Amino acid sequence: MLDSVEIISAEEFYTERASTCCFTGHRRRDLPFGGDISKQGVKNLISTVHLLCHEAYGRGIRTFITGMAEGADLICGSVIMDMMHSEDHPGTELICALPYKDQIREIKLAKDRYIYSLLLKIASAVVVTGDIGDSGRYRRRNKFMVDNSSELIAIYKEKQRGSGTLQTINMAKHNGLDIHVIELDRNPQFYCE
């Protein structure tokens, strides 16, 4: 799948940080209804992501970085794909940050694999930040996204044990990013059938 896409290294990548926002969020299993977009709650979540991205665009954000994991990353990437096809958001770009080249192997649902392939095709850049054998590959990907952004949009659910999402939010706080958190636990509209 990546054969037809030009991949660049994190060292080669450049974006205007002030006009770039990255995403973080949980995998499908931790989203309301397992991320099933036929459920009203998930539709409400997607609408909230749309609203936050539209507001970011209004603040001058033009480039959005997704980590391409199934769940929140693909949802957010799909929202940016919608914006890119809208006349209301000219100049919107998507960057796909992969923790390793064959990340698609982690994506089980055919629909998610299809969305993944669409996002790769429309991306302005595909950046691979690590290697499959690297135990810190997800952290390295998250750090790359935060280091190249001035804003973060997070889909967050409190968990007993830490998560990559919380790790990324903490990195963003440490780096002084403008952080916008969609708190799943505090918004019952994400859990209505």
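Predicted model: local features only at pLDDT ≥ 70, side-chain atom pairs only at ≥ 80, totals over all residues.
Residues are numbered from 1 along each chain as its sequence is written. Local features need pLDDT of at least 70 and side-chain atom pairs count only at pLDDT 80 or more, while totals for chains, interfaces and linings use all residues; side-chain values use heavy atoms, with hydrogens and water left out.

Student: What makes strand 6 and strand 7 a pair?
Tutor: Two strands pair if DSSP finds at least two bridges between them. Strand 6 (residues 151-156) and strand 7 are joined by six bridges. Therefore they pair under that definition, and they run parallel. Glu151 has Asp178 as its bridge partner. For Ile153 the partner is His180. Strands here are DSSP runs of E, at least two residues; helices are runs of H or I, at least four; both are numbered from the N terminus.

Student: What is the order of the strands in the sheet?
Tutor: The order is 1-5-4-3-2-6-7, in an open sheet of seven strands with parallel pairing.

Student: Why are strand 1 and strand 7 called edge strands?
Tutor: Strand 1 (7-9) and strand 7 (178-183) each pair on one side only. From one strand to the next, the twist averages 25°.

Student: How do you know that helix 5 packs on the sheet?
Tutor: Contact means heavy atoms within 4.5 Å. Helix 5 (residues 164-174) touches strand 2 (20-25), strand 6 and strand 7. Its direction makes about 155° with that of strand 6. Axes are lines fitted to C-alpha atoms, for helices over the stretch in contact, and angles run from 0 to 180 degrees between N-to-C directions.

Student: What makes the residues of strand 6 buried?
Tutor: Buried means under 20% relative accessible area, exposed over 50%, partly exposed in between (1.4 Å probe, protein chains only). Six of the six residues of strand 6 are buried. Glu151, Ile153 and Ile155 point one way, and Leu152, Ala154 and Tyr156 the other way.

Student: Why is Ser124 called partly exposed?
Tutor: Because its relative accessible area is 43%. Ser124 sits in the loop between helix 3 and strand 5. Not counting residues up to four places away in sequence, Ser124 touches Glu93, Leu94 and Ile95.

Student: What does strand 3 pair with?
Tutor: Strand 3 pairs with strand 2 over three bridges and with strand 4 over four bridges. Both pairings are parallel. Thr63 in strand 3 stands opposite Thr20. Ile65 stands opposite Ile95 in strand 4.

Student: What makes the crossover from strand 2 to strand 3 right-handed?
Tutor: A crossover is right-handed if, with the strands pointing away from the viewer, the path from the first strand over the helix to the second runs clockwise. The chain goes from strand 2 through helix 1 (residues 40-58) to strand 3, and this β-α-β crossover is right-handed. Strand 3, helix 2 (residues 72-84) and strand 4 also make a right-handed β-α-β unit.

Student: Which helix supplies the largest share of the lining of the largest pocket?
Tutor: Helix 2 does, with six residues. The lining has 16 residues, and Ile37, Ile46, Ile75, Lys111 and Ile115 lie nearest the centre of the pocket. On a 1 Å grid over the protein atoms alone, a pocket is an open set of points where a 1.4 Å probe fits, with protein on both sides within 12 Å along at least five of seven lines; lining residues have an atom within 4 Å of a point.
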